[in-house]
Amino acid sequence: MDHLNLSEHVHRRYNPLTGEWILVSPHRSKRPWKGHLDTPATASRPPHDPACYLCPGNARAGGKVNPDYADTFVFDNDFAALQPAVAGSAPALMDTGGLMVARQETGICRVICFSPRHDLTLAEMDAPALVKIVDLWASQYAELGARNDINYVQIFENKGAMMGCSNMHPHGQIWAQQTVPDEPAKESHHQLAYFQRTGHTLLAAYLQLELEQDVRIVYQNKDFVVLVPFWAFWPFETIILPRRAVPDITALTMGEREQFADAIKQITVRYDNLFKVSFPYSAGLHQAPTDGSAHPAWHFHMHFYPPLLRSATIRKFKVGYEMLGGGQRDVSAEVSASLLKALPAVHFKAL
């Protein structure tokens with residue numbers, strides 16, 4: 001074989017951000033599907049739920065009461081996974097023969113309510129509301145990242161019960177901690193190596209290739225591009241990339257923040273339109289560590305990892321070979337991108 005046909009031949013694709021490989025088996029997506037195809041659920045929620053602990057004016061665990069907020073609202077998580085450092089105390093360590101190693105981890109967890117409306121999602125919010133969320137992400141990154149005990153700020157959203165979200169009120173989370181977690185640490189390593197070798201950010205060079213090929217791009221505006229990464233693992237995984245290489249969200253201009261909000265709107269609407277359902281996903285920002293060092297190799301971006309495969313309820317699981325061997329997908333990134341790109345930019349509930 002002297003020519004690799006990405007739509008026919010089984011092959012592996014390299015993820016330059018993490019250094020990992022994924023097995024792609026495009027021929028398997030052509031096999032007849034005899035499984036169950038679900039009818040999308042059309043659940044409706046009230047604009048305000050008196051039983052929701054995230055709605056304005058309602059009580060949270062421990063008796064705290066939410067203010068009557070009008071747009072976004074952020075607070076320290078009542079059941080935080082991380083606890084702040086105690087001033088003057090060093091982190092506790094354990095090392096038994098180099099095989100049982102543990103280190104105390106400290107940090108801060110916060111919850112961000114995207115809207116006072118219980119019945120909305122990012123896909124259903126208007127542009128000004130989405131810009132306010134972007135602004136809050138930026139201010140939280142700046143505030144938490146300025147602390148001496150915080151070296152990384154992870155901002156993310158789990159959407160839908162399928163992703164383990166226990167409350168359907170539109171909200172996201174922030175976990176800010178002392179240590180850079182594994183995924184951004186891998187991206188730091190590979191972006192720095194590329195930058196030192198070429199003088200350019202890895203994602204700037206990658207984006208240029210994607211723009212030239214134009215086969216995995218779902219949407220683009222003046223400042224941002226939404227595409228299915230060449231190395232995508234999840235069936236409809238996407239990444240939002242700024243055309244200008246900036247290390248974090250605070251470096252975006254006001255105009256770029258508006259364009260970023262537009263890109264989020266465009267991809268989340270297309271997700272919902274794909275199976276006519278409120279599309280579940282985990283999404284989050286990857287940006288430079290806040291350890292006080294300059295990170296010119298870092299290129300800010302946002303990942304979307306949605307699990308749905310064939311319908312509103314048939315999802316891809318990370319099992320078997322993927323847990324024991326490595327990542328694998330059947331539908332190619334090119335096919336996924338073409339499906340998402342062809343979808344209406346208007347939410348199906350408004351059509």
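**Questions on the fold**

Analyst: We can begin with one contact in this predicted model: the side chains of Arg 28 and Asp 330 meet in a salt bridge, with 2.9 Å from N to O.

User: How many residues apart in sequence are the parts that this pair ties together?

Analyst: Side chains of opposite charge can pair when their charged atoms come close. Arg 28 belongs to the loop between β2 and β3 (73-76), while Asp 330 belongs to the loop between β14 and α6 (333-341). The pair therefore ties together parts whose separation in sequence is 302 residues.

User: How many salt bridges does the structure hold?

Analyst: The pair of Arg 28 and Asp 330 is a salt bridge. For the structure, the number of salt bridges is 19.

User: Which strands stand at the edges of the open sheet of 3 strands?

Analyst: The order in this sheet is β1-β2-β14, and the pairing is mixed. A strand at the edge has a single partner strand, so one side of it is left without a neighbour in the sheet. The strands in that position are β1 (11-15) and β14 (327-329).

User: Which residue in β2 does Arg 13 stand opposite?

Analyst: Strands of a sheet pair through backbone hydrogen bonds, either parallel or antiparallel. Here β1 and strand β2 (residues 20-24) run antiparallel and are joined by 5 bridges. Across from Arg 13, the residue in β2 is Ile 22.

User: Which strands are at the edges of the open sheet of 9 strands?

Analyst: This sheet has antiparallel pairing and the order β3-β6-β8-β7-β12-β13-β11-β10-β9. Its neighbouring strands are turned against each other by 20 degrees on average, with direction ignored. Because an edge strand here has a single partner strand, one side of it is left without a neighbour in the sheet, and this applies to β3 and β9 (217-220).

User: Which residue in β13 stands opposite Ser 282?

Analyst: Strand β12 (residues 281-286) pairs with β13 in the antiparallel sense, and 5 bridges connect them. Opposite Ser 282, the residue in β13 is Tyr 305.

User: At roughly what angle do the axes of α1 and α4 cross?

Analyst: Two packed helices are described by the angle between their axes and the distance between the axes. For helix α1 (residues 127-145) and helix α4 (residues 254-275), the axes come within 9 Å, and the crossing is right-handed. Among the residues that meet there are Leu 130 and Trp 137 in α1, together with Phe 260 and Ile 264 in α4. The axes cross at roughly 115 degrees.

User: Which residue in the hairpin of β4 and β5 takes a positive phi?

Analyst: Strand β4 (residues 93-96) and strand β5 (residues 100-103) run antiparallel and are joined by 4 bridges, with Val 101 in β5 as the bridge partner of Asp 95. The hairpin has 3 residues between the strands, and the residue with a positive phi, near 65 degrees, is Gly 97.

User: What accessible area do Phe 317, Val 319, Met 323 and Leu 324 have together?

Analyst: Phe 317 is found in the loop between β13 (301-305) and α5 (321-324). With Val 319, Met 323 and Leu 324, Phe 317 forms a nonpolar patch on the surface, and their accessible area together is about 500 Å².

How values were computed. Residues numbered from 1 in each chain as written. Predicted model: local features only at pLDDT ≥ 70, side-chain atom pairs only at ≥ 80, totals over all residues. Heavy atoms only, no water. Patch = residues over 30% accessible without salt bridge, like charges linked within 9 Å, V, L, I, M, F, W, Y side chains within 5 Å. Areas by Shrake-Rupley, 256 points an atom, 1.4 Å probe, with all protein chains shown as cover. Salt bridge = Lys/Arg side-chain N within 4 Å of Asp/Glu carboxyl O. Helix = DSSP H or I, 4+ residues; strand = E, 2+ residues; numbered from the N terminus. Pairing = 2+ DSSP bridges. Axes fitted to C-alpha atoms, helices over the stretch in contact; angles between N-to-C directions. Left-handed = near helix turned anticlockwise from the far one by under 90°. Contact = heavy atoms within 4.5 Å.
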